[in-house]
Amino acid sequence: MSGSIREAKAQVDVRGCPVFNWKLTPRERRDPVVCRLPPDLLTYRIHADGKIERLTPGNFDLEATNGLIRYVYYSADGVRHELGDYAYARVAGRGVMTGKFIRLMNLNEIGDYSSNGIGFGFENDSRRPYINDLALASLLGAMLETGYGDVSCNGFSHADGSSVPSTSHLNGINGDLKFFRLDKATRDQRSLHIDVSPELMDEDRQNLFNDALYRFGWKSMLAWRYQRNGQMRLLNHTRHYVGHHHHLHVQGYAPNVVDL
């Protein structure tokens with residue numbers, strides 16, 4: 001025997017079941033092969049076109065108050081990216097979700113990601129760091145599609161799904177994000193006020209990010225009508241709203257999610 005141990009490369013079928021393809025040669029018949037099955041975790045598979053597949057194993061405990069959720073991204077070239085397993089807490093929903101339960105994830109646990117030319121840089125700059133588990137899949141998809149290294153979040157919900165003093169961030173679904181700066185110092189600076197300094201905003205990157213957020217589910221956004229080059233402008237998919245001169249608010253969440 002050669003003494004080497006090789007892992008059989010695994011794929012999954014349409015139901016999410018592991019499929020192993022291993023072409024044996026005379027030498028390989030003498031070598032041990034290790035097949036590792038994936039853990040039984042609720043898994044979100046995020047696709048570059050905006051589709052999100054939610055794979056729920058048959059033995060997943062829907063009543064568990066906490067646990068792990070796995071996030072996987074498939075780039076446009078078909079490469080699979082393991083983004084990590086993140087802890088969730090199951091809490092009672094609020095507002096329109098009263099009487100139901102939701103799963104919330106802590107954005108403070110989301111760090112930068114980079115692999116095979118795909119990645120993003122992220123920080124949470126808020127005391128409302130909790131986001132809905134499905135909404136996190138959408139946010140990860142938008143960040144990976146655009147690949148910006150200076151994403152900064154102004155918050156979604158509190159740990160119990162509330163959003164005091166705001167009333168529009170319940171259940172970790174609606175959130176706020178800083179406007180991107182031309183100097184790419186978005187994470188290092190306070191929120192940019194585009195009513196005063198619109199020339200400091202990276203308009204092109206912001207519009208592309210808005211497009212990605214829209215594709216991954218947030219069909220309504222609030223921002224500010226600003227003046228640039230003598231013209232009054234609005235960012236893509238936004239409408240002017242009082243008090244939103246220093247951040248982008250995403251709402252109207254309706255993602256393309258497929259349950260498996």
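**Helix ends, a core and a pocket**

Author: Just after H2, Gly217 takes a positive phi of about 135 degrees. Keep in mind that this is a predicted model.

Reader: Which residues in H2 are buried?

Author: To count as buried, a residue needs under 20% relative accessible area. In H2 that holds for Glu203, Arg205, Gln206, Asn207, Phe209, Asn210, Ala212 and Leu213.

Reader: Which element gives the largest share of the largest nonpolar core?

Author: That core has 52 residues, and those touching the most other members are Tyr71, Leu107, Phe122, Leu140, Phe209 and Leu213. Phe122 is in contact with Leu107, Leu139, Met143 and Val151, among others, leaving aside neighbours within four places in sequence. As for the largest share of the core, 9 residues come from H1.

Reader: Is Phe60 buried or exposed?

Author: Phe60 sits in the loop between strand S6 (51–55) and strand S7 (66–74). Not counting residues up to four places away in sequence, Phe60 touches Leu42, Tyr88 and Arg103. Its relative accessibility is 13%, so Phe60 counts as buried.

Reader: How far apart in space are Phe60 and Leu42, C-alpha to C-alpha?

Author: These two touch, although they are 18 residues apart in sequence. In space, C-alpha to C-alpha, the distance is 6.9 Å.

Reader: Which element gives the most to the lining of the second largest pocket?

Author: The second largest pocket has a volume of about 320 Å³. Of its 16 lining residues, the closest to the centre are Met97, Phe101, Ile102, Asn132 and Asp133. Two elements give two or more residues to that lining, strand S9 (101–106) and helix H1 (133–146). With 3 residues, the one that gives the most is S9.

Reader: How many charged residues does that lining of the second largest pocket have?

Author: Sorted by class, the lining has 10 nonpolar residues and 1 polar residue. The charged ones number 5.

Reader: What share of the contacts with a separation of 6 or more comes from residues 24 or more positions apart?

Author: The protein has 2 helices and 21 strands, and 47% of its 260 residues count as buried. Among contacts with a separation of 6 or more, the share from residues 24 or more positions apart is 63%.

Technical notes:
Residues numbered from 1 in each chain as written. Predicted model: local features only at pLDDT ≥ 70, side-chain atom pairs only at ≥ 80, totals over all residues. Heavy atoms only, no water. 1 Å grid on protein atoms, 1.4 Å probe; cavity = no way out; pocket = protein on both sides within 12 Å on 5 of 7 lines; lining within 4 Å. Points joined across faces, edges and corners; volume = space filled by probe spheres on them. Helix = DSSP H or I, 4+ residues; strand = E, 2+ residues; numbered from the N terminus. Nonpolar A, V, L, I, M, F, W, Y, C, P; charged D, E, K, R; others polar. Core = buried A, V, L, I, M, F, W, Y, C linked by side-chain atoms within 4.5 Å. Buried < 20%, exposed > 50% of the residue type's maximum accessible area, 1.4 Å probe, protein only. Contact = heavy atoms within 4.5 Å.
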